[in-house]
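Q: Could you take a close look at one of the chains in this model for me? I'd like to hear how it is built and how it meets its partner.

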Amino acid sequence: MKKKQKLDIGPYIYILPALIIILVFRLLPIVLSFIVSFFDWSITGVGDFIGFENYSRLFQDPEFWQSMLNTFYLVIFVVPISLISSLIFATLLNNIKALKSFFRSVYFIPTVTSMVAISIVWKIIFNQQTGLMNFLLAKIGIEPLGWLAESRGIFLLLFESMGINIPTHLGGPSLALFSIIIVTIWKGLGYNTIIYLAGLQNIPAVYYEAADIDGAGKIKQFFKITWPLISPTTYYVLMMTTIVTFQVFSQIYLMTGPPIGGPLGTTKVIVYFLFDKGFGESNDLSYASAIALILFVVILSLTLLQKRLEKKVHY
Amino acid sequence: MKFKNSIIYLVLIICGITMIIPFVWMVTTAVKSQLEVNKGNVGFIPYEEYPVYNDGEELFRVKIVSAETDSSYVNIFNEAGKIISSYKKVPNNSLTEHKKLKFHFENFVNAFNKVPFALYFRNTIIVSVSVVFGVIVTGSLAAYAFARMKFKGREFIFYLFISMMMVPQPVYLIPSYIVLNHLGWLDTYQALIIPWIANIFTIFLLRQQFKTIPQELFDAAAIDGCSRWGILWKIVLPLSKSVISTAAIFGFIGSWNSFMWPLVMIDNPNLRVLQVGLSYFSQEASTQTTLLMAASTFSILPLIVLFLIAQKQIISSFASSGLKE
């Protein structure tokens, strides 16, 4: 009888394959990353313990701050624009009957296609001479733009076209980075729309019926019923889009340059910076690990911050 | 009401066009001739422009050899494309420019053969199919244990998994490179497959599904003498077909489209997957936009076809990824 009370190893056998993979290829790398960032480590082998040197070097590296700023621009533009437009699309889709799934599919196509192919296509779309963008601009009588080759800020360009000069540091993201922003929004819009649509369909119709009886207008209904009830979805979309946008890489790698991250480094983002340090010329894996950890800390704190906000504003 | 509806449709159509236009332009550019593109034919119609000579009765396609102020020397072609008169002096007012639709479908073949795309497709299929298979196997096993078995450390391990899900790929890219290097797996299929055969989201998804299966079924099977393993095969998996196919679709799309990982882990050109091969091709052929567009078209085609076949399921799987637990 006592034997039966012994540990049943059955469940562990079922978990083992997944556990091994996750321990070896997720947990171990993260621990390793932490350790490596404190050593002078390269692919040839372990170097000396250098403590926080990588981190202090990183914080003094202007390239790091520029990539952070560019990544920040990307997030600050992509997230709100994507969130608002996808909510609008989802609301519109939720209000129609015919062709609903057709439109849904059309918006969704960019989500399932590879970022590599999409980047190649958009790079040509933004080409100054043979690109679609300048061709369409010409049709409506607007001067051609530099797009991916333009290092000046969008606000600078905007005010310049109105004859106002503003200081360069207020110029905002370069037009090149803004081109990346456009592609990133376009790529993610379908996914966010689908998520929002699922959220909207979960709101019981009786709320709207009751509001109709009370004579509340559509706009009022949106802000009093839809917006509060959809807030969990909004937090999910906010969180996912922020995290994904922080990790933008393929667009930069394929669309910008040469050199990648150009013009004048205005499209260099944090993940490309990490990639370049780790696998580029310098091949400095420990420095790149330090960058990775900073990226992790930033994303983790944003996630936790949003989780806290979510609890506070949860209906 | 009708007016409101037509506005909604109008907005949706305009936005739909914006979403789809890059793909349309990709395909129309893919079938243009590079010469025309370089000359400035940027629009959506793959036409060809050529000078035509009018001798008063008939039109002939010509090639201008040299042009002077009011006359030109031309080679005149017949309909079969054979020169019937060379270096003929004709007045300029008898020459006009003609446009003709012409689709250069050979661009697809040329792009496909310019670099070994067949090999890239093969590698990608090997990797994606293996990953999907692995994800389903490890996921079903782990989810079954999490959902239906009591054991020490279950909660801890489960939360460990969930917290690992929060770690973004770029963060473990570098240390994974070091780990794979120590295993001697860099530049092998293993580097592309093994780290990806356990997917936490899949485990989570399957666990949710397995939990919904009524306990009575398990009890009945146990009374019949069915083992754990037998229950998994005879009851749990057959009842979870749709969630399993959802997980498979996710795994396939993710694996097919992954880029940064294979870019870092693979150096050997023979092991390049499609996305990496396409990326190298875009650097090699950067000026040949028509070939690039052709290559992009056939690279995304398999997933577009998959999407068109299973769009309902794909969209609802993605939608389910946003639902709260």
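This is a predicted model: local features need pLDDT of at least 70, side-chain atom pairs count only at pLDDT 80 or more; totals for chains, interfaces and linings use all residues.

A: Chain B holds 15 helices and five strands. Its radius of gyration comes to 29 Å, whereas the globule rule would give 20 Å for 325 residues, so chain B is more spread out than a compact globule. You can see that in the C-alpha trace too, which spans about 100 × 65 × 35 Å along its principal axes.

Now for how chain B is divided up. There's domain 1 at 2–36, domain 2 at 47–101 and domain 3 at 116–284. Going by C-alpha atoms, the centres of domain 2 and domain 3 of chain B sit 63 Å apart.

What about the packing inside the chain? Of the 325 residues in chain B, 35% count as buried. If you take the contacts in chain B with a separation of 6 or more, 65% of them are between residues 24 or more positions apart.

Then there's the partner. Chain B puts 72 residues into the contact, and chain A puts in 73 residues. On the chain B side, helix α1 (residues 2–30) gives the largest share, with 12 residues.

Definitions and conventions: Residues are numbered from 1 along each chain as its sequence is written. Chains are lettered from A and ligands numbered from 1 in the order in which they are written. Helices (H or I, at least four residues) and strands (E, at least two) are DSSP runs, numbered from the N terminus. The radius of gyration is taken over C-alpha atoms; the globule rule is 2.2 Å times the number of residues to the power 0.38. A residue is buried if 20 or more other C-beta atoms lie within 10 Å of its own, exposed if 12 or fewer, and partly exposed in between; C-beta atoms are placed from the backbone. Two residues are in contact if their C-beta atoms, placed from the backbone, lie within 7 Å. Domain bounds come from an automatic or database domain assignment.
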